[in-house]
Amino acid sequence: MGLLHTLDQLFWRLVTHPIVVLYVFVQDILSLVFAPTPPPPDNSTKLRRPRVAIVGAGLTGVSAAAHCVGHGFDVQIFEARSKAKGLGGIWSVTMRCPKSAPRVNTTSALQIHSVMFRFHPSVRWQSAYPKQETIKNEIVSLWERYGLEERTVFSTPIKSVRKNEDGKWVINDTESKYGNFDGIIAAVGSCGDPKMPSLPNQESFRGQIYHSSNLDGKDAKGKRVMVVGGGASAVEALEWAVEAGAARIDVLSRSDKWVIPRNVIVDVLLASNVLGQETRLSWIPEVLLRKFFYRDLEDISPSGKGVFMDTPTVNSQLFQLIRDGKARWLRGDILTVAKNGIRFNHRAKGVPKSGPGHEIFVEGDIIIMATGFSRPSLSFLPSEAFEPPYGPPNWYLQVFPPAFPSVCANNSTYVNAIATAGNYHIGIYTRLLLMFLVDPLSRPGEFWMKRWIDMTRLLKRFAPTGAFDFFTYSELMYWFVFVVLINPFRWKWALFVFMGIGQALPMTVVQKEDELRQKAQEIS
């Protein structure tokens, strides 16, 4: 009866939700083909070197560790926070951990479609835009599935990494405790603790002041809400205030930021600019966005800033909320805070920050600081990694410091992009590192790593941003293909690097090469 009941449920789900069933089925196929096999629960399979230290137990760190372990290589994850606060990174906090320092709300959801957020081949999404708890559960499930619990230490901030006399990496000068490592993945991300800058005279405000990441359980019903900021956090705070029943919502934005629709086709097309910069044809998507997406709200579209210069906000409801009168979007500068609101210099489009405008008073009961997060530090890496002009983000493939090809700062150095932090590139970067560690002939030298950086700067010399200050996902894919094709010793690794399959052949070749090198050394 149990089997019949299950089949009946599957049948009716297929009938009522065919697209969801098809989406899940496709993900199951991707997992079957591309997901590396987890180690057995009894740990009967001994993992081999190279051994990799992973700094951070967030989405990137857990995904990278799962790739390493799945391909048979040993790892150790170091997380500065406790398990409750650290496992899952920025997605970690839930209502069940009320004492945790919040970094997102339980109402937070993906900006982009989940098909573009497959941070590991075995991830299985059930919806297009999953929320915080679902995302965290996928991260935790991946962590458990690949047996990473015994390979993770929490409440262990990383202060330093250095090489010992044998050229192996030592963490926090505790080689006796954790051993040594062949490689390091710095997966600290780009969002640390919430930033709460002080507003002029804010102590006089009689209402409440919250950060945009700390809105769970807050009451805004019937209240006037002022949102300080103009990025993705501000849009999310606006949507929260609407759902909370706020009487009026004003977004006070100092600068304009591009907003693009939550549409897979549009997002993929914009990310397909392989040059990763403004071009002579960039006016086409900008005009189309203003005409068909902004429409009557073109006044709040950026002036003098191209869509390929900054990370856009992805949202399809914002403009309709403004049209419906549920919110106002005001461009300008905060002059001072009063007991019942904010005195604001409202600027016209095109007027620079702190430029002339019309002074208005915005009344409010709640101030939400959508002011983002501090960037986690990479200062635990050796100082040689930061020597100009090759400091982050000006690294090989943006994540490998030229002095240390055995270090990969995955998802920790990017500034702006039309891309996603949680997709297949995590696996590709991880497998590139493994290739460099296993195969000396594929490993780039410092000289050639710097020449690739110089070449990329030359190709993007006319970009209004720095060469590595903005990129698109297709440009990132081009980088991967180029660095594999440019070195014939990497060709045998191509399937492994890009798809995570075909590891046996290059490993066998490398083993034979090692034997030949050893014999040559014995003869000499």
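Contact here means heavy atoms within 4.5 Å. The model is predicted.

**Ser412**
- Ser412 sits in the loop that joins β16 (407-408) to β17 (416-418).
- Its relative accessibility is 2%, so Ser412 counts as buried, the cut-off being under 20%.
- Leaving out residues up to four places away in sequence, Ser412 touches Ala186, Ala187, Val188, Gly189, Arg375 and Leu378.
- Gly189, one of these residues, has its backbone nitrogen 3.1 Å from a polar atom of the Ser412 side chain.

**Helices α11 and α13**
- Helix α11 covers residues 425-438 and helix α13 covers residues 473-485; their axes come within 12 Å and cross at roughly 25°.
- α11 is therefore roughly parallel to α13, since angles under 35 degrees count as such.
- The crossing of α11 past α13 is left-handed.
- On the α11 side, the residues in contact are His425, Ile428, Tyr429 and Leu432.
- They meet Tyr473, Leu476, Met477, Phe480 and Val484 of α13.

**Annotated spans**
- An unreviewed UniProt entry places the feature "transmembrane region" at residues 462-485 and 491-510.
- For residues 462-485, the end C-alpha atoms lie 26 Å apart, and the span is 54% helix and 12% strand.
- For residues 491-510, the end C-alpha atoms lie 13 Å apart, with 65% of the span in helix and 0% in strand.

Methods
Residues numbered from 1 in each chain as written. Predicted model: local features only at pLDDT ≥ 70, side-chain atom pairs only at ≥ 80, totals over all residues. Heavy atoms only, no water. UniProt positions renumbered as here; feature names shortened; annotations may be inferred. Helix = DSSP H or I, 4+ residues; strand = E, 2+ residues; numbered from the N terminus. Buried < 20%, exposed > 50% of the residue type's maximum accessible area, 1.4 Å probe, protein only. Polar contact = N/O pair within 3.5 Å; in protein donor to acceptor, adjacent residues only side chain to side chain. Axes fitted to C-alpha atoms, helices over the stretch in contact; angles between N-to-C directions. Parallel < 35°, antiparallel > 145°, perpendicular 65-115°, else oblique. Left-handed = near helix turned anticlockwise from the far one by under 90°.
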